[in-house]
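Here is a briefing on one protein chain. Look over the sequence and the model first, then read the points below.

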Amino acid sequence: GAPAAPVCITPVDRFAPPAPAGLLAVAGDGAVELLWTASTAPDLAGYLVLRAEGVNGTLQRLTPSPVTVTQYRDQGVRPGVVYAYVVVAVDRATPPNESAPSNRQVVTSRSPSPGR
């Protein structure tokens, strides 16, 4: 038969990076410190930090764009409020692929110490 017309194929990355692991949330003076273990994707763009008010609240992004470090300080907390956190890894694909969420951490924020 006749040869087929040439076709241009553009590969699309549909593979999400591995989820960050070992999320730890620690209530400090007027802030919550978050630490986690890095995702091991070669095309990792960074991490999105999500927070909810209450144990089962709706998670919302705290970071509008990915952070490239494995720690985050949430200074937008109110004293005595219970917050839940997760972190997701995102890659450099267009649009970015998001990992499954990390483990969920729940913490009650504290008031700043006097004199701070």
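The chain has seven strands and zero helices. From the N terminus on, its elements run β-β-β-β-β-β-β. The radius of gyration is 19 Å, well over the 13 Å that the globule rule gives for 116 residues, so the chain is more spread out than a compact globule. This is a predicted model.

**Overall dimensions and packing**

- Along the principal axes, the C-alpha atoms fill a box of roughly 85 × 25 × 20 Å.
- Of the 116 residues, 36% count as buried.
- The chain exposes about 7100 Å². Carbon and sulfur atoms supply 57% of that area.
- Take the contacts with a separation of 6 or more: residues 24 or more positions apart account for 62% of them.
- Ser-113 and Ala-16 are 97 residues apart in sequence. In space, their C-alpha atoms are 41 Å apart.
- Ser-113 lies in the segment after S7. Its relative accessible area is 29%, so Ser-113 is partly exposed.

**The four-stranded sheet**

- Four strands form an open sheet with antiparallel pairing, in the order S4-S3-S6-S7.
- Strand S4 (60-61) and strand S7 (105-108) are the edge strands, and each pairs on one side only.
- S3 and S6 pair in the antiparallel sense over nine bridges. Val-49 has Val-87 in S6 as its bridge partner.
- Strand S6 (residues 82-91) pairs with S7 over four bridges, again in the antiparallel sense. Here Tyr-85 stands opposite Gln-105 in S7.
- S3 and S4 pair over two bridges, antiparallel. Leu-50 stands opposite Arg-61 in S4.
- How enclosed is strand S3 (residues 44-53)? Eight of its 10 residues are buried, so strand S3 is largely enclosed by the rest of the structure.
- In a regular strand, side chains alternate between the two faces of the sheet.

**Backbone points to check**

- S3 and S4 form a hairpin, with six residues between them. Gly-54 in the turn has a positive phi of about 90°.
- Which residues does a cis peptide bond join? They are Thr-94 and Pro-95, with omega at about -5°.
- Pro-95 sits in the loop between S6 and S7.
- For context, most residues other than glycine have a negative phi, and most peptide bonds are trans.

**Salt bridges**

The structure holds five salt bridges. Three of these are described here.

- Glu-33 and Arg-73:
  - Their closest N and O atoms are 2.1 Å apart.
  - The pair links distant parts of the chain, with Glu-33 in strand S2 (residues 32-37) and Arg-73 in strand S5 (residues 71-74), 40 residues apart.
  - Glu-33 has 32% relative accessibility, so it counts as partly exposed. Arg-73 is also partly exposed, at 40%.
- Asp-74 and Arg-51:
  - The closest N and O atoms of this salt bridge are 2.8 Å apart.
  - Asp-74 lies in strand S5 and Arg-51 in strand S3, so the pair ties together parts that are 23 residues apart in sequence.
  - Are the two residues buried or exposed? Both Asp-74 and Arg-51 are buried.
- Arg-61 and Glu-98:
  - Their side chains meet in a salt bridge at 3.2 Å, N to O.
  - Arg-61 is in strand S4 and Glu-98 is in the loop between S6 and S7. The pair links distant parts of the chain, 37 residues apart.
  - Arg-61 is partly exposed, with a relative accessible area of 48%. Glu-98 counts as partly exposed at 41%.

**A nonpolar surface patch**

- Which residues form a nonpolar patch on the surface? They are Leu-24, Val-26 and Leu-35.
- Together, these three have about 240 Å² of accessible area.
- Leu-24 belongs to strand S1 (residues 21-27).
- Why does Leu-24 count as partly exposed? Its relative accessibility is 43%, and partly exposed covers the range between the buried limit of 20% and the exposed limit of 50%.

Notes:
Residues are numbered from 1 along each chain as its sequence is written. This is a predicted model: local features need pLDDT of at least 70, side-chain atom pairs count only at pLDDT 80 or more; totals for chains, interfaces and linings use all residues. Side-chain values use heavy atoms; hydrogens and water are left out. Patches are made of residues with over 30% relative accessible area and no salt bridge: like charges are joined within 9 Å, nonpolar side chains (Val, Leu, Ile, Met, Phe, Trp, Tyr) within 5 Å. Accessible areas come from the Shrake-Rupley method with a 1.4 Å probe; for residues, only the protein chains shown count as cover. A salt bridge is a side-chain nitrogen of Lys or Arg within 4 Å of a carboxyl oxygen of Asp or Glu. Buried means under 20% relative accessible area, exposed over 50%, partly exposed in between (1.4 Å probe, protein chains only). Two strands pair if DSSP finds at least two bridges between them. The radius of gyration is taken over C-alpha atoms; the globule rule is 2.2 Å times the number of residues to the power 0.38. Contact means heavy atoms within 4.5 Å.
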